[in-house]
Amino acid sequence: VKVAVIGLGYVGLPMAVEMAQAGYDVYGVDSDPVKVAKLLQGKSYIIDIGDDALEGLIGQQLHPVTDIKVLEHADIVVICVPTPLTDGHQPDTSYIETAIDQAIPHLRRQTLLILESTTYPGTTEELIRPVIEQRRGWTVGKDFYVCFSPERVDPGSVHFNIRNTPKVIGGCTPDCLAAGAGFYGSFLDQIVPVSSTTVAEAAKLFENTFRSVNIGMVNELTAACEKIGINIWEVLDAAATKPFGYMPFYPGPGIGGHCIPVDPLYLSWKSEQHGFPLEFVDLADRMNRRMPLYIAERIESMLAQEGKAINKANIILAGVAYKKDIDDVRESPALVLFEHLTKMGASVSFTDPYVSSFKLNGEEIPSRTANAQLWESADIVVITTDHSVVNYQQLVDHARLVFDTRNATAHCTGGHVVILGHPGDG
Ligand code: SAJ
């Protein structure tokens with residue numbers, strides 16, 4: 001059986017490797033020739049896939065190509081393209097639409113097409129099924145099969161992988177679902193069939209909206225605890241001892257990544273289209289997006305207490321990746337904070353063991369080397385990402401002032417440290 005995976009990013013490449021390792025003959029299709037060239041050289045560009053995983057696969061079971069015409073040989077087509085937000089925070093389904101548009105002329109009868117990209121409920125029924133039926137004159141469920149099955153890749157996870165993470169799947173018709181469940185069931189541990197593609201789309205969005213809303217709630221509670229004069233981290237650790245009906249979330253400088261800040265807006269956009277605004281979800285999103293500005297206000301007042309004006313201050317951000325121990329800066333709140341502090345007139349630089357540089361308004365900002373001299377050179381060091389490899393005691397010992405937004409210095413001694421959510425000058 002030949003499978004074509006369209007989109008070889010942090011979802012598509014691991015999925016293509018998994019299918020190839022399961023014995024399928026896989027075409028990996030990506031529009032980026034650089035990605036395809038790297039894979040042909042046996043080089044991975046995804047944190048979860050080492051070059052060793054590609055060894056013995058490339059050119060055998062896994063064929064990286066840029067040419068979408070390989071779909072003429074495929075029995076199954078899996079679409080794993082991005083679903084970002086537009087600048088106006090609206091769903092951007094252009095990658096899905098382009099992939100479908102390019103794929104349709106090359107699809108064979110009786111092929112199974114599965115969309116994995118996270119998207120608003122109704123996308124498969126509205127943007128995929130009718131377009132294929134109209135352009136090819138086929139009836140889905142008879143001449144052709146269509147499913148939606150969300151990805152649940154957790155970048156950098158040590159416990160969960162593609163095989164042992166339950167896989168939700170919905171089909172346009174029962175025969176579509178049977179085909180899709182049979183395919184995934186041949187190499188994944190647990191399949192979770194649902195009654196429609198729309199339910200499967202909504203389930204995925206709900207999972208991540210659940211996270212965004214709870215993070216927003218904890219972020220709001222943080223400022224309250226500072227005012228009340230209690231330590232939110234202690235409160236949360238005590239709450240986390242509840243063995244049932246509770247799941248821990250923690251404050252931070254905001255939320256980053258390609259899922260949690262994005263998915264809730266796909267859900268609220270669709271609900272609004274049906275005349276039902278999701279106020280709760282939108283409020284949590286606003287709360288999370290406001291965090292970097294709240295952090296900047298705290299930095300300004302902390303510097304003022306040292307008699308330092310923000311537009312004369314030298315600020316170093318320790319960590320810019322969107323979460324710890326990975327190299328991804330997409331949607332990272334640290335970048336929002338970096339830009340905002342710069343606009344306030346501060347001279348800002350950063351150090352991150354996983355990020356060598358990032359682009360801000362077209363300018364490449366390089367990471368600086370973390371050492372005692374660097375910490376001593378700043379008026380304030382802000383811990384924005386709590387990477388495990390950083391020597392926080394050295395940071396605390398040498399920095400004049402530290403604002404820790406991740407509770408990374410909770411076990412350090414001495415120094416002049418303010419932790420987000422600790423009582424004090426809230
Ligand atoms: N964050 C907080 N407080 C928290 C948890 C997260 O501020 O209590 C922040 C993180 O720092 C990060 C953002 O939110 O900036 C997102 O964090 P995340 O832990 O949700 O990590 P992601 O974005 O890698 O989320 C992925 C998701 N996986 C998929 O969408 C397939 C999510 O569903 C997983 O639950 C999550 O990984 C995970 O469990 O780590």
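How do the axes of helix α7 and helix α10 cross, and within what distance do they come? Here are some notes on that and on the ligand site.

1. Ground rules. This is a predicted model, in which local features need pLDDT of at least 70 and side-chain atom pairs count only at pLDDT 80 or more, while totals for chains, interfaces and linings use all residues. Residues are numbered from 1 along each chain as its sequence is written, and side-chain values use heavy atoms, with hydrogens and water left out.

2. α7 against α10. The axes of α7 (residues 197-228) and α10 (residues 279-305) cross at roughly 45° and come within 8 Å. That makes α7 oblique to α10. Helices here are DSSP runs (H or I, at least four residues), numbered from the N terminus. Axes are lines fitted to C-alpha atoms over the stretch in contact, with angles from 0 to 180 degrees between N-to-C directions. Angles under 35 degrees count as roughly parallel, over 145 as roughly antiparallel, 65 to 115 as roughly perpendicular and the rest as oblique.

3. What meets there. Residues of α7 including Thr-209, Ser-212, Gly-216 and Glu-220 meet residues of α10, among them Phe-280, Ala-284, Met-291 and Arg-298; contact means heavy atoms within 4.5 Å. By class, this contact of α7 with α10 has nine nonpolar, five polar and three charged residues.

4. α10 against α11. Helix α11 (residues 333-343) packs with α10 at an angle of about 45°, their axes being 9 Å apart. α10 is therefore oblique to α11. On the α10 side the contact includes Pro-292, Leu-293 and Ile-299, and on the α11 side Val-336, Leu-337 and His-340 are among the partners. The contact of α10 with α11 has nine nonpolar residues, one polar and no charged ones.

5. α7 against α9. Helix α9 (residues 263-273) and α7 pack at about 115°, with axes 8 Å apart, and are therefore roughly perpendicular to each other. Lys-204, Leu-205, Asn-208, Thr-209 and Ser-212 of α7 make this contact with Asp-263, Pro-264, Tyr-266 and Leu-267 of α9.

6. The ligand. For your pose checks: 19 residues surround the ligand, the closest being Asp-154, Asn-208, Arg-211, Tyr-250 and Tyr-322, where a residue needs a heavy atom within 4 Å to count. A polar side-chain atom of Arg-211 lies 2.8 Å from a ligand oxygen atom, and a polar side-chain atom of Arg-406 also lies 2.8 Å from an oxygen atom of the ligand. From Val-153, a backbone N or O atom lies 3.5 Å from a ligand nitrogen atom.

Notes: Helices (H or I, at least four residues) and strands (E, at least two) are DSSP runs, numbered from the N terminus. Ala, Val, Leu, Ile, Met, Phe, Trp, Tyr, Cys and Pro count as nonpolar, Asp, Glu, Lys and Arg as charged, and the others, Gly among them, as polar. A polar contact is a pair of N or O atoms within 3.5 Å; within protein, one must be able to donate a hydrogen and the other to accept it, and residues adjacent in sequence count only if both atoms are side-chain atoms.
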